[in-house]
Amino acid sequence: MKQFPFSLRFSIPAILLISSTILGGINIQQETSNSFQRVEENVSGNARFAGEQISGMLEYLYRRGNIEQAEIAISKMQTDVNLSLALLYDRENRVLLATQYELRNRSLQQTPAAKNKRAFTQVRENLSGQIILSEDRQKIWAIYPVPLQTEPGELRPSKVGILWLSYDISRLKQQAFSDALSRSVTSKIALAGFCILLWLFFEKTLTIRAGQIVEVSKKIAQGELNQRVNIQGSDELAQIASGFNKMANWIQTNTEKLQASETALQKANETLEQQVKERTIALSEQKKQKNQLEETLHKLQQTQAQLVQQEKMSSLGQLVAGIAHEINNPINFIHGNIAHVEEYTQDLLDFVELVQQCYPNPSSEIEDWADEVEFEFLQEDLPKTINSIKIGTKRVRDIVLSLRNFSRLDESELKKVELHDGIESTLLILQSRLKQKLAIQVVKNYSDLPLIECYPGQLNQVFMNILANAIDALETSEHENQLRQITIHTSRVDEKWVKIAIADNGCGISPSIQNQIFNPFFTTKPVGKGTGMGMAISYQIITEKHGGKLTFSSTVGTGTEFTIQIPIQQ
Ligand SMILES: Nc1ncnc2c1ncn2[C@@H]1O[C@H](COP(=O)(O)OP(=O)(O)OP(=O)(O)O)[C@@H](O)[C@H]1O
Ligand SMILES: [Mg+2]
């Protein structure tokens with residue numbers, strides 16, 4: 001609902017005043033118009049009556065030729081205070097008799113009745129009178145026919161005069177207006193008095209008391225919650241006041257409770273905030289410590305794994321180096337003497353041939369022995385056998401060299417080496433795995449590479465890890481009939497870099513784990529088989545130790561290719 005913008009104390013009397021003024025105005029207007037109408041009706045009645053009487057009388061007097069009496073009758077009319085002018089016209093509309101003597105003998109045009117010329121004609125034709133109200137409603141004219149003379153045998157009088165009476169009603173109207181005004185003013189004063197009484201009544205019973213409620217409600221709104229309204233009685237306002245007081249009580253009680261709980265809440269909040277702060281600090285401290293611990297543990301695990309791997313590689317190296325060393329001496333001994341053996345054998349064979357030439361007919365005993373040992377075959381086969389032994393010892397020497405090459409225990413410093421030697425010796429170590437279980441074909445695609453400055457032992461370790469993983473992948477490959485292959489491709493990238501790509505057509509690496517391959521301890525292999533450190537260490541060796549790059553690409557079911565890129569010079 002729209003709010004009423006003014007206070008009742010002023011708006012009620014204002015409304016009463018305005019409405020009584022409007023009502024008064026309307027009332028005066030109506031009263032006046034009624035009075036005017038009455039005046040017009042009364043005067044018209046009088047004029048009709050006078051017109052009929054006087055015209056009849058004048059007709060009579062004129063018929064009898066008693067003009068004098070007629071004159072007296074007209075002049076007597078002056079006694080009527082409302083009648084301003086009475087004129088009698090002859091048939092030519094010339095004034096015969098008049099209340100104002102000077103108007104006699106004047107034509108119609110020269111008299112005030114000139115305006116009624118048309119009415120004169122009508123009255124003569126109809127022989128009946130007319131009452132006319134002037135346009136300004138200030139005059140009433142009575143126009144009546146007066147047959148002045150009737151000729152003998154005439155049915156209709158030919159000489160008809162006109163009696164014209166003019167009544168001035170302005171004074172009467174003025175009187176009526178002042179009467180109506182005084183009546184209206186009196187009634188308005190009475191109404192105003194009534195209004196004032198009504199207002200006083202409202203003021204006392206309603207406005208002042210309601211004002212009290214308003215005042216108290218304002219104070220309560222400003223926070224003075226102990227304020228109450230004191231209105232006596234049993235009327236609606238008193239009931240409102242009592243309801244208001246109850247409401248105020250309720251508000252006060254609840255506000256006090258609310259304030260108390262707010263204070264308590266604030267206190268609790270502060271305590272909580274403090275606790276949260278302390279706890280947050282403690283937590284972040286704990287988190288920091290936990291992170292540090294986790295980091296340390298991680299480093300520890302990494303170092304441990306690294307140590308294990310290194311230890312593994314080192315023991316393998318030692319073993320390989322020991323074996324190589326042990327084999328090296330006897331094989332050198334054999335290899336060194338084999339040339340003599342070859343020479344001595346050749347000498348012996350040459351000597352036997354010389355003997356055969358000198359003694360073409362040997363004894364039967366010698367012949368039997370020669371047949372028994374198949375001397376001819378022996379002569380032919382012995383050099384071949386010695387040659388095979390020579391090849392065999394060379395192969396053993398090569399293997400030993402490879403083994404020593406692989407172990408390279410003594411080389412913890414940077415050294416310029418032939419990369420292919422490292423790959424070869426690693427393949428040699430893995431020979432049994434490549435050949436025994438599955439026939440894995442190793443395709444070597446070596447380019448002409450310069451000597452590479454590196455840590456050879458560590459690089460061999462990388463080759464070892466990648467090749468071992470490739471063999472594992474080929475072993476787990478599901479394509480039974482497929483040719484298992486490892487392709488090693490070496491190439492020079494540019495003046496500063498070389499590349500070694502080792503690919504297998506094994507099971508491949510699922511995309512979901514591809515980003516974890518280089519994570520320490522990440523393995524998909526059964527417990528005891530893989531530590532999950534191989535690639536992590538390889539990555540470290542290539543990137544950190546050699547400033548190179550280790551990447552891979554893999555497709556499940558197709559295979560994997562690891563690519564090592566290292567600088568030629570460190
Ligand atoms: N050529 C590859 N084909 C398929 N999967 C591979 C290949 N190379 C590595 N992987 C995957 O990467 C994982 C991590 O290899 P990584 O050499 O680091 O550990 P591992 O071989 O499991 O254990 P180890 O420490 O004994 O080498 C492997 O478990 C394997 O799932
Ligand atoms: Mg591995």
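Modeller: Asp472 and Lys529 form a salt bridge, with their closest N and O atoms 3.1 Å apart; the term denotes a side-chain nitrogen of Lys or Arg within 4 Å of a carboxyl oxygen of Asp or Glu. This pair links distant parts of the chain, 57 residues apart: Asp472 belongs to helix α10, and Lys529 to the loop between β10 (497-504) and α11 (534-545). Helices (H or I, at least four residues) and strands (E, at least two) are DSSP runs, numbered from the N terminus. The model is predicted: local features need pLDDT of at least 70, side-chain atom pairs count only at pLDDT 80 or more, and totals for chains, interfaces and linings use all residues. Residues are numbered from 1 along each chain as its sequence is written, chains are lettered from A and ligands numbered from 1 in the order in which they are written, and side-chain values use heavy atoms, leaving out hydrogens and water.

Asp472 is buried, because its relative accessible area is 11%; buried means under 20%, exposed over 50%, and partly exposed in between (1.4 Å probe, protein chains only). Asp472 and Lys529 also belong to a network of salt bridges that includes Arg433, Glu475 and Lys525. Within this region, the side chains of Arg433 and Glu475 meet in a salt bridge (3.3 Å, N to O). Arg433 lies in helix α9 (residues 431-435) and Glu475 in helix α10 (residues 456-476), 42 residues apart. Arg433 is partly exposed, at 26% relative accessibility, and Glu475 is partly exposed, at 25%.
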